[in-house]
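Here are my notes for you to read alongside the model. Keep the structure open as you go.

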Amino acid sequence: MTAALDRLYLACIWTAGAAIVAMSTIVPWGVFTRYVLGTGSRWPEPVAILLMMVFTFVGAAAAYRAGAHIGVTMFTERLPASMQRAAGHLVDALMAVVCLFVAWYGARLSAETMGQSIAELPWLPVGVTYLAIPVGAAVTLVFVAERAIAGPQAHREIVRFGEAS
């Protein structure tokens, strides 16, 4: 099971990384065509927004598994060990609820907007741009379940990328 989750994690990393690299290429192209060539391309902005959605939601799932998300531990670090464990379980449960909410409503949003098209990209349904929301939430939910069952994964080599401990 861990090997499958490692592959899912790496898929998230590579997908988010490819999205940010593509976005970093597309945005300057839009600026170049607008201000240097004087004929702005219509497609860079909506494609960059789509890529930002992928980077944000899929990348957030990977960041959760790696323990790279923002966490305020000032209060919980002062609790006794048993209360820290209870607070950790509460956080896992609340994360699961949030992931289920985002996955459910993200899927509904995506499904309800599949019949609409983006003006600059008439071949691309609006719902496709929203798919990263439920997909990212579902993957995050998988990583929340992994954390609740197997514990944090942030110490493992695969999520640290050779970083010194």
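1. The largest pocket is lined by 18 residues. Nearest its centre lie H69, T73, T76, V91 and R147. A pocket is an open set of points on a 1 Å grid over the protein atoms alone, where a 1.4 Å probe fits, with protein on both sides within 12 Å along at least five of seven lines; lining residues have an atom within 4 Å of a point.

2. This is a predicted model: local features need pLDDT of at least 70, side-chain atom pairs count only at pLDDT 80 or more, and totals for chains, interfaces and linings use all residues. Residues are numbered from 1 along each chain as its sequence is written, and side-chain values use heavy atoms, without hydrogens or water.

3. Helix 3 (residues 81-112) gives the most to the pocket lining: six residues. Helices here are DSSP runs (H or I, at least four residues), numbered from the N terminus.

4. The chain averages a pLDDT of 91; pLDDT is the predictor's confidence in each residue, from 0 to 100. Confidence is lowest in helix 6 (residues 157-160), with a mean of 81. It is highest in helix 5 (residues 132-150), at 96.

5. The structure holds two aromatic pairs. Rings of Phe, Tyr and Trp (its six-membered ring) pair if their centres lie within 6.5 Å; planes under 30 degrees apart are stacked, over 60 edge-to-face, the rest tilted. W29 and F32 form a tilted pair, 5.7 Å centre to centre, with 35° between the planes. Both residues sit in helix 1 (residues 2-35), three residues apart, so about one helical turn separates them.

Key
Helices (H or I, at least four residues) and strands (E, at least two) are DSSP runs, numbered from the N terminus.
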